[in-house]
Amino acid sequence: MTSFDEITPALERLAIEVPSWAYGNSGTRFKVFAQPGVPRDPFEKIADAAEVHRATGVAPSVALHIPWDRVDDPDKLRAHAEDLGVSVGTINSNTFQDDDYMLGSFCHVDDRIRAKAVRHAIDCIDIMDITGSRDLKVWLPDGLNYPGQGDLRGRQDRLADSLAQVYGRLGDRQRLVLEYKFFEPAFYATDVPDWGTSYVQCVALGDRAVVCLDTGHHAPGTNIEFIVMQLLRLGRLGAFDFNSRFYADDDLIVGAADPFQLFRIMFEVIRGGGLDADVVDGPSPVSFMLDQCHNVEAKIPAQIRSVLNVVEMTAKALLVDRVALADAERAGDVLAGNAVMMDAFATDVRSDLADWRATRHLPTDPMGAYLASGYQERIVAERVGGDQAGWGA
Ligand code: PSV
Ligand code: MN
């Protein structure tokens, strides 16, 4: 079995990006519950995100969503993040909350609306230029509710054209990350429903177009680690939106519903080179972002829990003895191969991780350290008045 000391260099490359919207109020279509101390603006969201990094040491960037996080001066936001020891990461575009987009955005049959959506994505790249962000994330609400509502192929062609316009505006070191989702908000056909469609569209654009895999965006039972393997094999896995689900796109804490699945995903990431050093473009070629909402639990602790779950499953995945695995495969020993995986998964890495954190001058117990820090009490006392931020505002 691989020793813990052998895996720390790879573990040190793991950087988890937190989403600004996780700190705002959120809910379901039935009710959004307000929580005390929730940020009122993007500056306060970044302050909360910085606490997650302070506690864990592995969450150095914050993803923004535009227009939710639009500010007059994005450079001030960048400087604010840097002052707090974090940076602005992925910029997520939003073409799903404007009345014009009821029947689509990048695929819309009306050129005026399509141009508006393209313009929005380009505005996001303007912000990336200021914040120094590498990735523009595009997730589209486009799709159809009823057969006959639209021409599937025509929509695909318009999608390609819209994406090409956006791609053409990217800087040399920037990437377009195209996210897929099999249903919702459209229920009959979604225009980017699966990794294959995203891949095909990305290949047509060029090397700097890559796929985003949101773990909540598949049919139940889908073998997500197979998709991870395939996209890495093809050089097109750009990013994760991590979360977990029991039923649909539940956006719960990653690793909460199925830690074994997260372990299997991270194993394929590692085996496929997704956590290798990437000297040109950041800590690793794959961006590990969380895309979650904390409707009924405390938000900052929930983000800390999410980050810790990813670290823990990554450590276990790094412990897999790949030589023994290959030997078992060659010998046709099915059970031995499976035992190698299960031994790593069953290894309790928590005390090794605590020791590892101590060597990095981090709290050995990140959750305990946050809860004892007084930050939560402070924001509850200070953030009085103003409009609390929320998913969609
Ligand atoms: C869509 O369900 C999605 O996963 C996209 O990433 C959006 O930008 C995000 O949710 C917002 O939470
Ligand atoms: Mn997502």
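I looked up Asp-251 first: in this predicted model Asp-251 is buried, at a relative accessible area of 13%. My cut-offs: buried is under 20% relative accessible area, exposed is over 50%, partly exposed is in between (1.4 Å probe, protein chains only). Asp-251 is not a glycine, yet its phi is positive, about 55 degrees. It sits in the loop between strand 11 (237-242) and helix 8 (259-271). Helices (H or I, at least four residues) and strands (E, at least two) are DSSP runs, numbered from the N terminus.

Residues count from 1 along each chain as its sequence is written, and chains are lettered from A and ligands numbered from 1 in the order in which they are written. Being a predicted model, it needs pLDDT of at least 70 for local features and 80 or more for side-chain atom pairs, while totals for chains, interfaces and linings use all residues; side-chain values use heavy atoms, with hydrogens and water left out.

Next, Glu-184. Glu-184 also has a positive phi without being a glycine, about 80 degrees. It is partly exposed, with a relative accessible area of 32%, and belongs to the loop between strand 8 and strand 9. The peptide bond from Glu-184 to Pro-185 is cis, omega near 5 degrees. I logged another cis bond, between Ile-66 and Pro-67, with omega about 15 degrees. Pro-67 is in the loop between strand 4 (61-65) and helix 3 (74-83).

On to the metal. Which residues coordinate the manganese ion (ligand 2)? I found Glu-179 (OE), Asp-214 (OD), Asp-241 (OD) and Asp-291 (OD), at 2.1 to 2.2 Å. Donors here are N, O and S atoms within 2.8 Å of the metal (3.2 Å for Na, K and Ca); water is not among the atoms, so sites may look incomplete. The 6 donor atoms subtend angles of 72 to 164 degrees, so the arrangement is octahedral. For six donors that label needs opposite donors over 155 degrees apart and all others between 65 and 115. Along the chain the donors are spaced E-x34-D-x26-D-x49-D. Glu-179 in strand 8 and Asp-291 in the loop between strand 12 (287-290) and helix 9 (299-319) are 112 residues apart. Both Glu-179 and Asp-291 are buried.

Then helix 4 (residues 111-131). Its 21 residues reach 30 Å from first C-alpha to last, close to the expected 30 Å, where expected means 1.5 Å times one less than the number of residues. Its buried residues include Arg-114, His-120 and Met-128. The buried residues of helix 4 pack against helix 3, strand 5 (87-92), strand 6 (135-138), helix 5 (152-167) and strand 8; contact means heavy atoms within 4.5 Å. Just after the helix, Gly-132 takes a positive phi of about 80 degrees.

Last, the packing. A nonpolar core is a set of buried Ala, Val, Leu, Ile, Met, Phe, Trp, Tyr and Cys residues joined through side-chain atoms within 4.5 Å. The largest one has 98 residues, and Val-18, Phe-106 and Phe-240 are among those touching the most other members. Helix 9 gives this core its largest share, 11 residues. Apart from it I noted another core of 5 residues, among them Trp-21, Trp-68, Met-289 and Cys-293.

Terms used:
Tetrahedral: all angles 85-135°; square planar, octahedral: opposite > 155°, others 65-115°.
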